[in-house]
Amino acid sequence: MPTLRVPRRLHRMPAAVGSHAPIWLFDLDNTLHDASKGIFGAIDGAMSHTVAAMLDVDADTADRLRKEYWKRYGATVIGMVRHHDVKASVFLERTHDFDVAALVHSENGLKRKLACLPGRKILLTNAPLDYAWRVLKALGIARHFECVWSIDHMALQGRLRPKPSAALMRQILAKIGAPAQQVVLVEDTLRNLRSARQVGMRTVHVFHAGTPFSAPYNGRSQYVDVRVTSVGQLLSGQGGHRIRRMMGHV
C-alpha cells in the first residue's frame, strides 16, 4: 500500500532534553470530549456508508465489516486497506467529512484545566489529522497542544500501525526523546494503555461507559496507574493526588 504522507505539523515536536516535566499524550474521542453523544454516531454512519459504496455491498454487510475490522485492528481503515486494497487517505477523508462543531461536547472549563496542567501536551489519536484539528478548534483547546500525532503519521514499514501497536509507542518515544516513565498516556481504551505500559509509559485511564473495551476486567490494574472520569480529575481530588505521587518518581 502507498505510505501516507506525513504532514509537517508532526515535526513541531521538540526534544525534551533537560526537562523533567511530564509529557502528556492525550487521546481525543471520549477522552478530551464526549464522542458518544454525537460524533461517534456520525463517524459510524459515514464509515458504514463508505464501506458499502467502496465494496458494493449491502448496509448490513458494510456495518458488520466496519465493526469486525475495528475490533481486529484497532481501526476500520486497516481492514479496508489490507483486505480490499482501499486507499487509506481516501477512506479517512470520506468517513470524517462532516461538521463537528455541533456534535462536540466536553466537560466544563476544559480549556482552563488543560492550561493548569503542567507539562507538554501532545495529541495522539487514531483519527485523521484534519478531523483532529477541527475537533480541537471546536473545543477551543488547539493552542494547548504542541502537535498532533494522528493516523496520518502511523505508517511503519509501509503498513498502518495505529494504537494499540507497541511499535507505534516505541516510535513515539524515539520522536519525543524523553524517558518512557516521563510520558503519560491519557486514554479511554484499555488495550491502548496496555501497549503504552509495555514500553514503559505511565498510564491514565479515562473511564467512559460509552466506549468499547473500557469496562474493567482482570489484569487492568497491572497497566493502569490512575483511573479518572474527567480531565479535571488530573488536577484535583484523588486523581490529582495519584498523578502527583506517580510523577514524583520520574
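Biologist: Why does arginine 66 count as buried?

Modeller: Buried means under 20% relative accessible area, exposed over 50%, and partly exposed in between (1.4 Å probe, protein chains only). Arginine 66 has 11% relative accessibility, so it counts as buried. Mind you, this is a predicted model, where local features need pLDDT of at least 70, side-chain atom pairs count only at pLDDT 80 or more, and totals for chains, interfaces and linings use all residues. Residues are numbered from 1 along each chain as its sequence is written, and side-chain values use heavy atoms, with hydrogens and water left out.

Biologist: And why does aspartate 63 count as partly exposed?

Modeller: Aspartate 63 comes out at 23% relative accessibility, so it lands in the partly exposed class.

Biologist: What makes the pair of aspartate 63 and arginine 66 a salt bridge?

Modeller: The term needs a side-chain nitrogen of Lys or Arg within 4 Å of a carboxyl oxygen of Asp or Glu. Here the N to O distance is 2.6 Å, and the side chains of aspartate 63 and arginine 66 do meet in a salt bridge. Asp44 and Lys67 are linked with Asp63 and Arg66 in a network of salt bridges.

Biologist: How do you know that lysine 113 and glutamate 107 form one too?

Modeller: Their closest N and O atoms are 3.0 Å apart, hence a salt bridge.

Biologist: Is lysine 113 buried or exposed?

Modeller: Buried, because its relative accessible area is 16%. Glutamate 107 sits at 22%, so that one counts as partly exposed.
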